[in-house]
Amino acid sequence: ARLLLLSVRNADKTLKSNDATYVQRLEMMTLLAKDVSSSVRGDGNVAVAIIDEPTFVGKSRVLQQYLHARLSAFAFEDSPPEPTDAPLLVSSQVPKPELTFIVGIDTLERILAMRYYGSEEDLRCSLQQFLSSDGDNSRLICARRVTPGSLETSGEREQRVAAEADKYLEPDCVKMVDIGGDVENYSSSEVRQRIAEGDSLWIQMVPPAIAEYITNEGLYAPSRNDI
């Protein structure tokens with residue numbers, strides 16, 4: 001199953017006046033979910049959700065709680081257990097989902113950054129709960145991307161972040177993957193910038209349904225007050 005997850009709280013950012021609203025973001029995510037569902041092999045099980053958690057540690061916790069409650073309800077829908085037996089039956093018969101979060105290397109850096117935690121010990125304990133087999137047992141897939149203007153090469157940055165991850169994470173918690181020579185250069189910031197500059201090349205950087213939506217909604221174009 002695939003989940004496109006929108007957080008209405010960001011640890012670093014707030015919405016600007018010319019940003020897409022949360023409703024517009026959800027509508028674009030729904031269009032993307034339909035596009036993904038039609039393009040994958042087998043069961044195109046894709047959903048869209050909204051969450052009020054700024055960190056991935058918090059996202060994992062809330063998702064695990066929600067999925068556990070949903071799976072418990074499904075497991076005993078036809079024959080609810082006796083109240084005294086419920087905790088034991090639920091723990092033994094309801095599987096614990098394994099969550100894999102797909103992020104970019106900039107997000108991976110933020111997950112490992114001390115400033116989002118109270119202390120180094122808090123960082124270590126939070127990440128262990130998030131990613132260890134004894135905790136949420138979640139995983140991170142990090143897409144290799146090119147960062148324009150960076151003083152580091154992609155390889156140097158990856159080595160630095162990997163070394164930081166090794167200080168706190170179990171082996172194989174993070175997997176680096178290639179996403180293709182063209183796509184690894186794309187960024188949402190560049191799309192918005194090209195729209196604002198009137199550069200139509202942005203249309204090639206997003207799915208057709210998203211391009212049509214952005215055009216119809218007039219998103220990211222400079223307002224009259226900015227001209």
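This is a predicted model: local features need pLDDT of at least 70, side-chain atom pairs count only at pLDDT 80 or more; totals for chains, interfaces and linings use all residues.
Colleague: In what order do the elements of the chain run from the N terminus on?
Modeller: The chain has eight helices and five strands, and 29% of its 227 residues count as buried. Among contacts with a separation of 6 or more, 68% are accounted for by residues 24 or more positions apart. From the N terminus on, the order of the elements is β-α-β-α-α-β-α-α-β-α-β-α-α.

Colleague: Which element gives the most to the largest nonpolar core?
Modeller: The largest nonpolar core has 22 residues, and those with the most contacts inside it include Phe-101, Leu-112, Leu-127 and Phe-130. At least two residues of this core come from each of helix H2 (56-75), strand S3 (100-104), helix H4 (105-111), helix H5 (120-131), strand S4 (139-143) and helix H6 (154-168). With four residues, the element that gives the most to this core is H5.

Colleague: Which residues does Leu-169 touch, not counting residues up to four places away in sequence?
Modeller: Leu-169 is one of the residues with the most contacts inside the largest nonpolar core, and Leu-112 and Leu-127 are also among them. Not counting residues up to four places away in sequence, Leu-169 touches Leu-112, Leu-127, Leu-131 and Val-174.

Colleague: Which element gives the largest share of the lining of the second largest pocket?
Modeller: About 180 Å³ of space lies in this second largest pocket, and its lining is made up of 14 residues, of which Ala-162, Ala-165, Asp-166, Val-174 and Met-176 lie nearest its centre. H4, H6 and strand S5 (174-177) are the elements that give two or more residues to this lining. The largest share of the lining, five residues, comes from H6.

Colleague: Which helices do the buried residues of H8 pack against?
Modeller: In helix H8 (residues 208-217), the buried residues are Ile-210, Ala-211, Tyr-213 and Ile-214. They lie on the same side of H8 because they cover an arc of only 165 degrees around the axis, whereas Pro-208, Glu-212, Thr-215 and Asn-216 are exposed on the other side of H8. The buried residues of H8 pack against helix H1 (22-39) and helix H7 (188-197).

Colleague: Where is Tyr-220 placed?
Modeller: Just after H8, Gly-218 takes a positive phi of about 65 degrees. Tyr-220 has a phi near 70 degrees, a positive value in a residue other than glycine, and Tyr-220 counts as buried because its relative accessibility is 13%, against a cut-off of under 20%. The place of Tyr-220 is in the segment after H8.

Colleague: Is Asn-137 buried or exposed?
Modeller: Asn-137 lies in the loop between H5 and S4, and its phi is near 60 degrees, a positive value in a residue other than glycine. With its relative accessible area of 17%, Asn-137 is therefore buried.

Colleague: How many Å separate the C-alpha atoms of Arg-139 and Asp-172?
Modeller: Arg-139 is found in strand S4 and is partly exposed, with a relative accessible area of 25%. Not counting residues up to four places away in sequence, Arg-139 touches Leu-99, Thr-100, Phe-101, Leu-131, Asp-172 and Cys-173. Although Arg-139 and Asp-172 are 33 residues apart along the chain, their C-alpha atoms are separated by 8.2 Å.

Colleague: How far apart in space are Leu-6 and Met-29, C-alpha to C-alpha?
Modeller: Leu-6 lies in strand S1 (residues 2-7) and counts as buried because its relative accessibility is 9%. Leaving aside neighbours within four places in sequence, Leu-6 is in contact with Tyr-22, Arg-25, Leu-26, Met-29, Ala-49, Ile-50 and Ile-51. Leu-6 and Met-29 are 23 residues apart in sequence, and their distance in space, C-alpha to C-alpha, is 8.5 Å.

Colleague: How many disulfides does the structure hold?
Modeller: Cys-142 counts as buried because its relative accessibility is 0%, and Cys-173 counts as buried because its relative accessibility is 2%. As for disulfides, the number that the structure holds is zero.

Methods:
Residues are numbered from 1 along each chain as its sequence is written. Side-chain values use heavy atoms; hydrogens and water are left out. A nonpolar core is a set of buried Ala, Val, Leu, Ile, Met, Phe, Trp, Tyr and Cys residues joined through side-chain atoms within 4.5 Å. Buried means under 20% relative accessible area, exposed over 50%, partly exposed in between (1.4 Å probe, protein chains only). Contact means heavy atoms within 4.5 Å. The arc is that of the directions from the helix axis to the C-beta atoms. A disulfide is a pair of cysteine sulfur atoms within 2.5 Å. On a 1 Å grid over the protein atoms alone, a cavity is a set of points where a 1.4 Å probe fits but cannot get out, and a pocket is an open set with protein on both sides within 12 Å along at least five of seven lines; lining residues have an atom within 4 Å of a point. Grid points are joined across faces, edges and corners, and a volume is the space filled by probe spheres set on the points.
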